[in-house]
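Work through the exercises below with the sequence and model at hand. Each task is followed by a solution in steps.

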Amino acid sequence: MTGQDDFNGLARQALELSGRSGYPRRPAPRQDPPEAPRRDPRAGPAVRRPAPPVPFAPLRIGLVLAGGGAKGAYELGVLDYLAERGTRISAIAGTSIGALNGAVLASEESLFHGVERLASFWERFSTRMGVAPSEYRGLPLDAAGVAVEGTARQMKMFRRRLTALKSRLALLEELVDQAVDAERITAGRPLWVTAYPLMDRQAVPEQLRYLAEFARWMGGARAGIIRLNDLAPPQIREAVLASAALPFVFPTRVIDGCAYLDGGLGRGDRTPVRAFAEEEHCDVLVVVHLHPDARVVPGAATGLVRVDIRPSLPLTPPGPLGPLTALMSFSPERVDALRALGYRDAAARFGETEKLLESRRFLDDAESTMLSALRRLRSATPP
């Protein structure tokens, strides 16, 4: 199956089999039927004509992109697959690197051209991070094709990667300015990003501010969901950078007088499904995770058919510094490997969904055949 029509057909079958078809979603305004013409009673019984079919509303597909630093290259591979199938995305929500990916996608009308723009962004950023290909020569590769770094090497590279990220803030801002079209976002499809709001500096004494912020974070503070379409173009840029503002690496960003940091700091907001539960109705939600065991917060976006795409292999290297290495390692080789893995996982996930729907259709057909046979048997049995 290829193409937008096949994708919509697959999603509609999932909706129907789940009992949440939602069609037609936007019925036409009710109108009084025209007065029926009088019939001649000698003309015999009237023939009942079937009602004309009600046209389906276009299928609305929402996209959720999780946060995870350099692991976001995996999302690029998933998007490669969706674009190849001609998928049309109606709304996007993202956290951290997912917010940046989503903003670049939303800067083009079609997903195909959005993915082209996003691939160019990742290529430019990864090649200008200052990591020479020879750095990984001779290292073994894991199942995803990523160079395996032991703990000693991760410790050796940690400071270099952290310094490289902090020193390339201007590069990130430059690439965001080139890749994110704020004017198109304002007039385009709904786009939300999450960003973690900090406390008002005047509300807490300066010497207690960090302690208060830590206590608030430990208490389960959540990120704010910001709809970029409602912001002025300069604020759109700040909101995208705010969602990806890693603590101690990038500075806070101010939006409408409030300072924000990385949206992934919010409890349960690394995968911002709740943006759709509270704001935008979609029929199908495609959620791209960056951890094999990632879960969505219970109760988020209930009532939607959700397609979760998770990495089939860990994206985080082993060892105590593995999570930080996964966030900060933007080498071109790693970006290419994660992109390829994302494509394979997306193809496998939609292949599984198609097989499940085929099995369900087979069972439905068998049940229908049995019921028809029983009805014929009952009608043939004398009273």
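The model is predicted: local features need pLDDT of at least 70, side-chain atom pairs count only at pLDDT 80 or more, and totals for chains, interfaces and linings use all residues. Residues are numbered from 1 along each chain as its sequence is written, and side-chain values use heavy atoms, without hydrogens or water.

**Exercise 1.** Find the residues with the most contacts inside the largest nonpolar core.

Step 1. Take buried (under 20% relative accessible area, 1.4 Å probe, protein chains only) Ala, Val, Leu, Ile, Met, Phe, Trp, Tyr and Cys residues, and join them through side-chain atoms within 4.5 Å.

Step 2. The largest set has 78 residues, and Leu63, Tyr74, Leu82, Leu105, Trp122 and Leu228 have the most contacts inside it. Helix α2 (residues 73-84; helices are DSSP runs of H or I, at least four residues) gives the largest share, 8 residues.

Step 3. Another core, apart from this one, has 12 residues, including Val273 and Phe276.

**Exercise 2.** Which residues does Leu105 touch, leaving out those up to four places away in sequence?

Step 1. Leu105 touches Leu63, Leu65, Leu79, Ile92, Leu111, Gly114, Val115, Leu118 and Arg189.

**Exercise 3.** Describe the lining of the largest cavity.

Step 1. On a 1 Å grid over the protein atoms alone, keep points where a 1.4 Å probe fits but cannot get out; lining residues have an atom within 4 Å of a point.

Step 2. The largest cavity has a volume of about 170 Å³, and among its 14 lining residues Gly69, Ile97, Ala244, Phe250 and Phe330 lie nearest its centre.

Step 3. The lining divides into 12 nonpolar, 2 polar and no charged residues, with Gly counted as polar. Its largest share, 3 residues, comes from α4.

How values were computed
Buried < 20%, exposed > 50% of the residue type's maximum accessible area, 1.4 Å probe, protein only. Helix = DSSP H or I, 4+ residues; strand = E, 2+ residues; numbered from the N terminus. Contact = heavy atoms within 4.5 Å. 1 Å grid on protein atoms, 1.4 Å probe; cavity = no way out; pocket = protein on both sides within 12 Å on 5 of 7 lines; lining within 4 Å. Points joined across faces, edges and corners; volume = space filled by probe spheres on them.
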